[in-house]
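Notebook open, structure loaded. I went through it one piece at a time and jotted down what I looked up.

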Amino acid sequence: MTNVLIEQNFGNEAGANNAHSLAILGGSRALKRDIPVGIRWDNAEREQLYSMVNQRSLFYWNGPQSQLLTQRFNEHYPLNYVMPCSSGTAAIHIAIAAAGVAPGDEVITSPITDMGTVIGILYQQGVPVFADLEPNRYNLDPVDVEKKITPRTKAILAVHLAGNPCDLSRLRHLANKYKITLIEDCAQAWGAEFAGQAVGTFGDIACFSLNDFKHIGCGDGGIVASNSDAIGPLLQKYGDKAYDRAAGTKMPEFLAPNYRISEPQSAIAAVQMTRVKAISEARAKLGRLLTTKLSGVSGILPHQVNKEDLCSFWFYMFRLDLEALKCDRKKFVEALQAEGLPCTEGYIVAPVYKYPVFQDHNFFAGQWPIKALGLTCMDYRTVCCPTAELILETCVTTPISQWMDEAWIDGAAEAIRKVASFYAAQ
Ligand SMILES: *Cc1c(COP(=O)(O)O)cnc(C)c1O
């Protein structure tokens, strides 16, 4: 009721062109231009594809495009074993299989992530165990991860959400202490660095996505890589029907799908790889700037990044402190959109464990064989990660891209400040 009165007064007295009145109430917009966008490929990709068409084969193994992709990947990520594959989901499935996750083995991971993080765990008959998150960095909370470790824990699958590095020193320490595998889901974290070192080089296995929406992409694709002599040689086999391409033998010793990349994808991806540094550094700078500009704004909890880390901001996600605001998130976002800032309420609809597939344990035609066999007593209907739920209930996401400039970020911060101060609780 008070809100309605204030808005009416504000709208009438402030007039349509008052810079301080909200655009949603007839004031002028904080952002006066459209969000900058661009095309992610140019002549470099075109020429690479032309040269590829002269090849006799478009098969990945020993294909020049896939070799170039691997070589360029290695310039950023010096890992001895690299398997380019068909998607980020495939990369993670390969990693889970190569880590030796057996039926009933547990893999601790984040409840705020893409489905691709958990698909491979389930197909290998493993059990995703969701640990809670840090409230302002949105990544695995190492304290809760340690609480979730059991004798069945085989791996920690750390998701660097939005390109913000997980606490890799503490997660690495836990993995060593409990002798479990650390897998990094770097799908959203191309170019990100933890304490000055590339994410993907801390874990036993690193997984990347090249889907059309990631920092770099080739339509669909992925990369899985490792420095471990025990795990590394398995990556190629688990992505290619358990055929050993290096030895030239087809005598499968275990079950593995076909997750191969192809030369056209590798050609695009190899060129995209040359853009990683510029893209991630541009995004890191813009995101960091937005966080600086939002610090101290009442009602706003900015996307937090550790000082010594490089977050490559696949998107920007801040939270509302609803107790300091006299509006709900829907109203806040509508006001922000009216200011010209593209943004949405929340991120994924719900924590992954709340999806119907988990609530119904509907993994294999309505059944979950490992549970029927007594290999797990997991019941996703009882899982709760309170901080993850709070994050999803209070967050607002807005894009960050390499085509933006500081003026855009100034406008974005101005829009957020304007809406936050209008709705400030006092
Ligand atoms: C995109 C994404 C994946 C899956 O990658 P695809 O290439 O789409 O299969 C996995 N994990 C995270 C965190 C992602 O963002």
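Before the strands, a definition for myself: two strands pair if DSSP finds at least two bridges between them. Helices (H or I, at least four residues) and strands (E, at least two) are DSSP runs, numbered from the N terminus. This is a predicted model, where local features need pLDDT of at least 70 and side-chain atom pairs count only at pLDDT 80 or more, while totals for chains, interfaces and linings use all residues. Residues are numbered from 1 along each chain as its sequence is written, and side-chain values use heavy atoms, with hydrogens and water left out.

**Entry 1: the open sheet.** I traced 4 strands forming an open sheet in the order S10-S11-S13-S12, with antiparallel pairing. The edges are S10 (300-301) and S12 (344-345), each pairing on one side only. I checked S10 against S11 (residues 316-320) and found 2 bridges, antiparallel. Ile300 sits opposite Leu320 of S11.

**Entry 2: strand S8.** Is S8 buried or exposed? I use buried for under 20% relative accessible area, exposed for over 50% and partly exposed for in between (1.4 Å probe, protein chains only). For S8 (residues 205-209), 5 of the 5 residues are buried, so the rest of the structure largely encloses this strand. In a regular strand the side chains alternate between the two faces of the sheet. Here Ile205, Cys207 and Ser209 point one way, Ala206 and Phe208 the other, and all are buried.

Next I looked up the partners of S8. S5 (residues 181-185) runs parallel to S8, joined by 3 bridges, and Asp185 has Cys207 as its bridge partner there. S9 (residues 222-226) runs antiparallel to S8, with 5 bridges.

**Entry 3: the ligand.** Which residues come nearest to the ligand? Of the 15 around it, they are Gly88, Thr89, Asp185, Ser209 and Lys214; a residue counts as near if one of its heavy atoms lies within 4 Å. I sorted the shell into 3 nonpolar, 9 polar and 3 charged residues. In that sorting, Ala, Val, Leu, Ile, Met, Phe, Trp, Tyr, Cys and Pro are nonpolar, Asp, Glu, Lys and Arg are charged, and the others, Gly among them, are polar. Helix H4 (residues 88-98) gives the most to the shell, with 3 residues.

Then I listed polar side-chain atoms against ligand oxygen atoms. Thr89 has one 2.5 Å from a ligand oxygen, Gln188 has one at 2.8 Å, and the side chain of Ser209 has an N or O atom at 2.7 Å. Taken alone the ligand exposes 380 Å², and the protein buries 93% of that (areas by the Shrake-Rupley method, 1.4 Å probe; for residues, only the protein chains shown count as cover).

**Entry 4: helix H9.** I counted 9 of the 10 residues of H9 (residues 263-272) as buried, so this helix too is largely enclosed by the rest of the structure. Among the buried ones are Glu263, Gln265 and Gln272. Their cover includes helix H2 (43-53), helix H3 (64-76) and helix H10 (276-294), with contact meaning heavy atoms within 4.5 Å.

**Entry 5: Asp144.** I found Asp144 in helix H6 (residues 142-148). Asp144 counts as buried because its relative accessibility is 13%. Leaving out residues up to four places away in sequence, Asp144 touches Ala131 and Asp132.

Terms used:
A polar contact is a pair of N or O atoms within 3.5 Å; within protein, one must be able to donate a hydrogen and the other to accept it, and residues adjacent in sequence count only if both atoms are side-chain atoms.
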